[in-house]
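Visitor: I'd like to talk through some helix packing. Can you put the model up?

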Amino acid sequence: MRWTTQTTEDLLQRFAAREAADSSEDLRRVDALDKVLGRTLYTTDLKRADVLYVRVARSSCPHAVLKAIDASSASRVPGVVRVITAADIPGSKNFGAFVQDQPVLCYDKVRFIGDPVALVVAETPESAEGGVRAVEVQYEKLPAVFDPKESLSGKGMIHERGNLLDRTIVSKGDVTRGLEEADFVVSGTYSTPMQEQAYLETEAALAQKETDGSVTVVGCMQAPFVVEHAVKMVLGSAVPSVRIVVAPTGGAFGGKEDAPEGVCAMAALATHLTGKPALVAFSRQESITFHPKRHPMVIERELGVTKDGKLTAVRERIIADGGAYASLGPRVLFAAACVATGAYEVPNVFVEGLLAYTNKVPAGAFRGFGKPQALFAAELQMEEAARLIGMDPARFRMRNMLRVGSTTSTGQVLKDSVGLEECFMKAIEASGWRVSRDRSDPPANVRRGMGMAALIHPTGLGPVGVDVSSATIELTDGSVVIRSGLAEYGQGIHTGYAKIARRVLGLKRTRVTVELPDTAVALDSGPTVASRGTAMGGKALLIATQRLKQRLAAIASDLLSVKASEIEFEDDEVLVAGSPGKRISFAVLVAECKKRGVLLKEEGWNRITDTNWDREKGAGSPWVSYSFGVHVAEVQVDTETGKVDLLNYVAAHDSGSVIAPAQFKGQILGGVVQGIGYSLMEELLLDEGRIRNPSFLDYYIPTAADVPRITPILVEAPDEYGPFGAKGIGEPPIEPVAAAIGNAIFDALGFPIRTLPFTAERVHEAIAAQGEERR
Ligand code: MOS
């Protein structure tokens, strides 16, 4: 193959040829070509020659009173234009999704190593860095607390409101009686690590001042309207308006949910105070140092089961390490508590979740949002229970799985759309569960095992108010333009949206483009989180498109002299079935509409209001839509080294009707790979609050060599809330991976390891400890 000598033109030609041949266009992402050709302009690619560079001076102390900041030497560094501290902030000094506890720049205290204390704005990156090194900060050290249990016991006051960031309960039935009724009670403590999102593009924001004094910020992010609000608050009434434009975003995984509020505010401040365009962009090390991660959790759990395999009760306590600021923590804890029983029906439940502040980098949103931790504990314990009563773990799970009509742990009756049983059946079949597992004479030091785990994933914002999304569709000259406040950051939402519009309007060759959000023109669609982009926002687009279609059909009915109900939209034409003469092209119809002055634009709104939560009781129907899935992992464990190798992986998912199959499978593969990292290698190591491995040299994420064959399986239980019956798929695939791999290791070794990740060292130690115990 001479692919290395291929030119862009060759590639384009081949792509065009394949496009012509592949009318299903299933494999094509609408943004693929620009990305593979390097044409996509990310935030840092958009900088102009006159841009100023912003670098951040950060706290070197985990906890201290900020006595004084001396910027005089930094200001004298050649090329430095301005040093900015909290005193220069015209508006609100804090931001935060639910609790406004996080300073844009610290003013009274610093609470973790990496907390921002000053901005240095300079003509070159080097000058800005020189300036940062010259900023002198006087700290008065305070006792720091790194352990959430110690924090909750009252050691070291991190915030005035106390170190308990949040407490949440889920309660159903009578858990004491349920545990008494059990023939066996399995108990254990499970621990999960801090995981880094590891998106390829680090955070960046580029701000400029407009002639009227307003500020525009372009950046990578998930929630432009939330960012707009935060930046407005920080700039205060000094600035007439703020406009946020989402740039192509190179991955997010939850890490760009709230961090961009602070990052964009920094860029906006620099621009506002200097009048010049300003770029904030971070190195990998700095990115890892400050942005919120996956919450480490310690989960103490008891599971009651009868000898014939019925679950009687779950009692659980979650202690989550929130780090220095709230971020999305309270919602993550809530989600973890709600799925603590896994995808199973349990009659008696009591879950208490506690979220503690510590003097560490904040924890926040990360794909899965509390579920990977909760399912790890739940599913390892399910495995233990199955072994205890001598029942096949798959059969035991299916005996207790959620079905249509089941009541969840929060007391919600699942009225519809539970494809879990089919997921089990298909995962069992595809993995050769207990039949084809490879028992073929492994070497003496190698043990093989197979493990299973199921998931339940609530889609959407839940009971935090109203989950509202919106979209607009507009017909311009010869093409369709879709606009939404939801962002494309690699997950494939633009492709899904184009497919929805094409399907409704019967368009194949007509150009359909989806714009990135710009708060000056897009409608607020809520944040691009919680696997809601296609499931919730796609419904808004569907509503808009259907409305537009109705209006078009009325004009077509006039042109073709038939009833509007007889009009069909197909293959870029508008026609009447069975009447060959009665057809016009879509383009002609649009041109006719223009002549007649017909509005060629529609808005769609999707408001989900029927959720509820009783915080005191710990019960309610917090979400309207649930996705399900079953994973099976097959591993081999080297008992001499502790190394775990994955042999095979099956992931069956019910996320309702599938809109874009290739993207859907891509989400499954990507989620599983990220879950493999979480299971086997990823762990941010902190030493007195300092991250010891803030680089991809020392923080390992999976490479192709770590990934086995992954078989994605699509199960489609349609849901009334999503477009064409779709549910969320973005997060579910990562959620049960650690549990499935953990159970495969359990199967191989005969005992569970209750702490993630399963590094060779940890597995080796566990094997050695087990040997000691046996002796
Ligand atoms: Mo997502 S973890 O809800 O941004």
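Guide: Here is the first point: the crossing of α7 and α8 is right-handed. By class, their contact has eleven nonpolar, one polar and one charged residues. Keep in mind that this is a predicted model.

Visitor: What angle do the axes of α7 and α8 cross at, and how many Å apart do they come?

Guide: The axes come within 9 Å and cross at roughly 45°. That makes α7 oblique to α8, since angles under 35 degrees would count as roughly parallel and 65 to 115 as roughly perpendicular.

Visitor: Which residues in α7 meet α8?

Guide: Val 226, Val 227, Ala 230, Val 231, Val 234 and Leu 235. On the α8 side they meet Pro 260, Glu 261, Cys 264, Ala 265, Ala 268, Leu 269 and His 272.

Visitor: Which residues of α7 are buried?

Guide: Pro 224, Phe 225, Val 227, Glu 228, Ala 230, Val 231, Val 234 and Leu 235.

Visitor: And what covers them?

Guide: The cover includes α8, along with the strands β12 (215–219) and β13 (242–246).

Visitor: What span should α7 have at 1.5 Å a residue?

Guide: Its twelve residues should span 16 Å. The end C-alpha atoms are 16 Å apart, so the two agree.

Visitor: What comes just after α7?

Guide: Gly 236, with a positive phi of about 70°.

Visitor: Switching topic. How many residues does α11 have, and how far does it reach?

Guide: Helix α11 covers residues 371–389, which is 19 residues. From first C-alpha to last it reaches 26 Å, close to the expected 27 Å.

Visitor: Is α11 mostly covered or mostly exposed?

Guide: Mostly covered. In α11, 17 of the 19 residues are buried.

Visitor: Which residue follows α11?

Guide: Gly 390. Its phi is positive, near 70°.

Visitor: One more pair. How do α14 and α15 cross?

Guide: Helix α14 (residues 493–505) and helix α15 (residues 533–560) have axes that come within 9 Å and cross at roughly 30°. That makes α14 roughly parallel to α15. The crossing is right-handed.

Visitor: What classes of residue make up the contact of α14 with α15?

Guide: Nine nonpolar, six polar and one charged.

Visitor: Which residues meet there?

Guide: From α14, they are Ile 493, Tyr 497, Ile 500, Ala 501, Val 504 and Leu 505. Those in α15 include Gly 533, Gly 537, Gly 538, Leu 541, Leu 542 and Lys 549.

Key: Residues numbered from 1 in each chain as written. Predicted model: local features only at pLDDT ≥ 70, side-chain atom pairs only at ≥ 80, totals over all residues. Heavy atoms only, no water. Axes fitted to C-alpha atoms, helices over the stretch in contact; angles between N-to-C directions. Helix = DSSP H or I, 4+ residues; strand = E, 2+ residues; numbered from the N terminus. Parallel < 35°, antiparallel > 145°, perpendicular 65-115°, else oblique. Left-handed = near helix turned anticlockwise from the far one by under 90°. Contact = heavy atoms within 4.5 Å. Nonpolar A, V, L, I, M, F, W, Y, C, P; charged D, E, K, R; others polar. Expected span 1.5 Å × (residues − 1). Buried < 20%, exposed > 50% of the residue type's maximum accessible area, 1.4 Å probe, protein only.
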